[in-house]
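I opened the notebook to look up how the parts of this protein meet. The entries follow the order in which I checked things.

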Amino acid sequence: MLRRLASLPLRRPAAALLAAGVRCISSGSVEITLPLNFWAGKRRTGPEKCSKDIVYEPATGRVLCQLEPCGAVEVDQAVKAAKLAFGYWSKMSGMERARVMIEAAHIIESKREEIAEMEVVNNGKSITEARLDVDSARLCIEYYAGLASTLAGQHVQLPGGSFAYTRREPLGVCVGIGAWNYPFQIAAWKSAPALACGNSMVFKPSPVTPVTAVMLAEIYAKAGVPEGLFNVVQGGQETGSLLCQHPDVAKVSFTGSVPTGQKIMEMASKGVKPVTLELGGKSPLLIFKDSDLENAVRGALMANFLSQGQVCSNGTRVFVQKDILPEFVKEVVKRTQAIEIGDPLLESTRMGALVSQPHLDKVLSFVDRAKKEGATVLCGGESYVPSDPKLRGGYYMTPCVLGNCTDDMTCVKEEIFGPVMSVLPFETEDEVLQRANDTSLGLAAGVFTRDVRRAHRVVEHLKAGSCFINNYNITPVEVPFGGFKMSGIGRENGQVTIEFYSQLKTVFVEMGDVDSLF
């Protein structure tokens, strides 16, 4: 059972809290009353003696709830429920699955504000961004509902009237392990293609942001999926390991850090299970002197400050051609200083709170180290205390632009995962391409230029899985998203993802006699 450890005055719309199992008790205070584990069609309580993890609200720093992590027994129950549901779901036609998924999308649309509010409470991002995340989740489910009835194999004619055909079949029970920066969206991005292909799923959210994945589970249940088709188990590393090593799990899809992705790949390899890994990035953004400067500045801000900079694809290495560097830096600093920080539930807020105090401390330490290594803080990079007394315990910082950066600095080489932009000068196209690709990561990259030939030439040579020309951080669900090198394996979204949630069976049909050598 999840309970708020202290009665707190409400500062947010009650609808989101009620949707997440929160009830008002007295004087505007609230208490969380429902569990956040979900399998076989119901919310479930964990073992009574398990140690509980504290979950905090980023905007206020207050305790939000206590989390009950799942152990071996609970994980096994969830996987068994998923395995049973798979037996029913996989036998349905694609059109039948599509109808249920479309209904789930309609429910999400009707609950858009409730889900977005709860995402803000649990994650700290602005309500404006949270609404867009909910929209992305809905669109993803709609998109794969449309593909569900199109899954088909191939017919191959062979000599003598014989032939072969292929069948695209589901894998079975899939595991999704989500990250804390896009909790609801990632749950949808992983579950939608899995369900469209006829699989079931056990999903583990980040223990930092456990709330909204359960809302998705209840939405799927209300839409009419079989009990156990989409399950949510809470917990940290131990729970994730149990899922990856469970003998009835057929595939693992993970979004998160490179070190954790490596461990998951190692565990999955023991069962020869396919994995999809969407890992970290240290992405370059190349701005040439012939760029539309206004759009280049907008793109750089979008590439660095979405979700408080907590985006794996962010273009945090901003390479600017020397001719326009002073003008670019002046405008970027001006726009960055104007970003409104504060209560993420307010419409005017553009930057909310970072996800936790330890993460805020880590990001600020990167800024301190950058200064020691010779970078110049052009603006921001400090703890921020909102004027609202209810927010003074929250995890806020001012967005930061670093100048005088060089390629060997820690802020340029390592993923910060916070609102910190590193600006680097360059002179020639060949030079900046070599520098941009000088990293073990390759999730995303971007280029701003008016020269269409240069744009395509540069993108061809950038070693990254998702590239942007004259824009950044645009992720339509119709388009595959994923990385090169240590940024991952496989893709999220787009038609190609069907291949990562299904397997191909070849059938040979002999229409004549066996031509035996014996």
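The entries below cover the model, the domains, their interface and the salt bridges.

**Model.** I am working with a predicted model, in which local features need pLDDT of at least 70, side-chain atom pairs count only at pLDDT 80 or more, and totals for chains, interfaces and linings use all residues. I number residues from 1 along each chain as its sequence is written, and side-chain values use heavy atoms, with hydrogens and water left out.

**Domains.** I looked up the division and found domain 1 (35–278) and domain 2 (282–475); such bounds come from an automatic or database domain assignment. Taken over C-alpha atoms, the two centres are 31 Å apart.

**Record.** I checked UniProt, where an unreviewed entry lists residues 55–507 as "domain: Aldehyde dehydrogenase"; annotations there may be inferred rather than shown by experiment. Over residues 55–507 I get 40% helix and 20% strand, with the end C-alpha atoms 51 Å apart. Helices (H or I, at least four residues) and strands (E, at least two) are DSSP runs, numbered from the N terminus.

**Interface.** I find 25 residues of domain 1 in contact with 28 residues of domain 2, contact meaning heavy atoms within 4.5 Å. The two domains bury about 2000 Å² between them, 56% of it on carbon and sulfur atoms. Buried area here is the accessible area (1.4 Å probe) that two parts lose on being put together, summed over both. In domain 1, Pro58, Ala59 and Trp180 lose the most area to domain 2, together 24% of what that side buries.

**Salt bridges.** I count 26 salt bridges in the structure, each a side-chain nitrogen of Lys or Arg within 4 Å of a carboxyl oxygen of Asp or Glu. Between domain 1 and domain 2 the count is one. I also looked up Glu347, which forms a salt bridge with Arg131, the closest N and O atoms being 2.6 Å apart.

Lys83 and Asp248 form another, with closest N and O atoms 3.5 Å apart. I note that this pair links distant parts of the chain, 165 residues apart: Lys83 is in helix H2 (residues 72–89), and Asp248 is in the loop between helix H8 (237–245) and strand S12 (249–255).
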